Amino acid sequence: MDFVTLNNGLKMPQLGFGVWQVENDQATIAVKKALEVGYRSIDTAMIYQNEEGVGKAIRETEISREELFITTKVWNSDQGYENTLRAYEESLSRLGLDYVDLYLIHWPTPKFDQYVDTYKAMEKLYKDGRVKAIGVCNFEIEHLERLLNECEIKPVLNQVECHPFLAQNELKDFCAKHDIFVEAWSPLQQGGEVLKNETVQSIAKKHNKTTAQVVLRWHLQNDTIVIPKSVTPSRIEENFNVFDFELSAVEMDAINKLNRNERKGPKPSEFNVR
Ligand SMILES: NC(=O)c1ccc[n+]([C@@H]2O[C@H](COP(=O)([O-])OP(=O)(O)OC[C@H]3O[C@@H](n4cnc5c(N)ncnc54)[C@H](OP(=O)(O)O)[C@@H]3O)[C@@H](O)[C@H]2O)c1
């Protein structure tokens with residue numbers, strides 16, 4: 001397992017396990033399998049409605065809490081200073097934990113203009129030692145610029161949709177310049193067309209790896225944090241076995257060229273659902 005060091009000094013596994021669209025009971029089974037395979041970082045959110053299931057897996061593992069890296073997120077309808085403080089306690093209670101490693105704003109929802117207040121509540125949680133790191137999801141450059149201007153503590157990362165068809169080059173450059181990691185959600189394009197792409201297939205064949213492993217390797221070598229999701233035990237294992245090969249500069253370049261700025265999810269600046 002490779003680790004990255006976040007801008008506040010905290011170490012985070014570069015490969016984690018996502019649990020969006022996994023029901024509570026299934027989340028317990030999937031997270032247990034992931035922990036058994038070697039994952040130590042788990043990405044959930046209040047809106048996934050599986051914090052309890054994730055918490056159960058954490059309680060039932062023999063792996064110490066210090067070795068785990070747990071992320072959850074404040075949902076759009078809980079934004080605002082007081083709401084965020086309350087939402088954090090509620091997430092902890094569902095998870096059965098006394099802290100999470102990383103607390104994130106799930107979407108900026110700019111129409112409601114509350115993400116600065118939300119982030120200030122997260123700064124309080126951080127300063128009070130209640131959470132190890134704070135960050136954001138789905139922030140475009142303009143939202144990050146506002147946080148950097150109006151808040152004290154830099155987000156450690158920005159979790160955004162990212163895969164070979166949506167490389168996020170401009171945002172990655174901005175984040176790198178400000179020492180903010182990019183964490184890729186839907187890193188496998190939700191198991192989509194990218195896994196059948198001819199270029200990716202030919203690279204996979206050369207390394208005797210699967211296309212999913214090649215795509216994850218591409219993320220890792222781009223210094224991106226990745227959190228692939230699977231409920232299939234063999235895929236949970238497959239997605240973890242990406243530390244025993246390396247893509248060449250030519251192969252990285254060939255995958256870089258697949259970018260077509262194509263999203264699976266909404267454009268964050270236009271997503272104002274609560
Ligand atoms: N912050 C946000 O707004 C946001 C938004 C979306 C996601 N996320 C986070 O990012 C995580 C990952 O994103 P995601 O779940 O959208 O998509 P993903 O990880 O790109 O893809 C998951 C899909 O790919 C399939 N899959 C997984 N491994 C595979 C493999 N080796 N070969 C073929 N297919 C494979 C899975 O199927 P099976 O499960 O059936 O095996 C599932 O359908 C989420 O779980 C969540 O934690 C965050």
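On a 1 Å grid over the protein atoms alone, a pocket is an open set of points where a 1.4 Å probe fits, with protein on both sides within 12 Å along at least five of seven lines, and its lining residues have an atom within 4 Å of a point. The close-ups below show a predicted model, in which local features need pLDDT of at least 70 and side-chain atom pairs count only at pLDDT 80 or more, while totals for chains, interfaces and linings use all residues. Residues are numbered from 1 along each chain as its sequence is written, and side-chain values use heavy atoms, with hydrogens and water left out.

**View 1. The second largest pocket.** Here 15 residues form the lining, and Glu140, Gln168, Glu170, Leu171 and Arg263 lie nearest the centre. Strand S8 (157-161) and helix H6 (169-177) are the elements that each give two or more residues to this lining; helices (H or I, at least four residues) and strands (E, at least two) are DSSP runs, numbered from the N terminus. H6 provides the largest share, 3 residues. The volume is about 250 Å³, taken as the space filled by probe spheres set on the grid points, which are joined across faces, edges and corners.

**View 2. The largest pocket.** Step over to this one and you find a volume of about 770 Å³. Its lining counts 35 residues, with Trp20, Gln21, Ser186, Gln190 and Lys229 nearest the centre. Helices H8 (211-221) and H9 are the elements giving two or more residues to the lining, and H9 gives the most, 3 residues. The ligand takes up this very space; a molecule sits in a pocket if more than half of its atoms lie within 2 Å of the grid points.

**View 3. The shell around the ligand.** Of the 29 residues around the ligand, Asp43, Ser186, Lys229, Ser230 and Thr232 come nearest (a residue is near if one of its heavy atoms lies within 4 Å). Helix H9 (residues 233-240) supplies the largest share of the shell, 3 residues.

View 4. A ligand nitrogen is 3.0 Å from a side-chain N or O atom of Glu238, and a ligand nitrogen is 3.4 Å from one in the side chain of Tyr48. Val231 takes part through its backbone, with an N or O atom 2.9 Å from a ligand oxygen. The protein covers 88% of the 910 Å² of accessible area that the ligand has on its own (Shrake-Rupley method, 1.4 Å probe).

Definitions and conventions
Polar contact = N/O pair within 3.5 Å; in protein donor to acceptor, adjacent residues only side chain to side chain.
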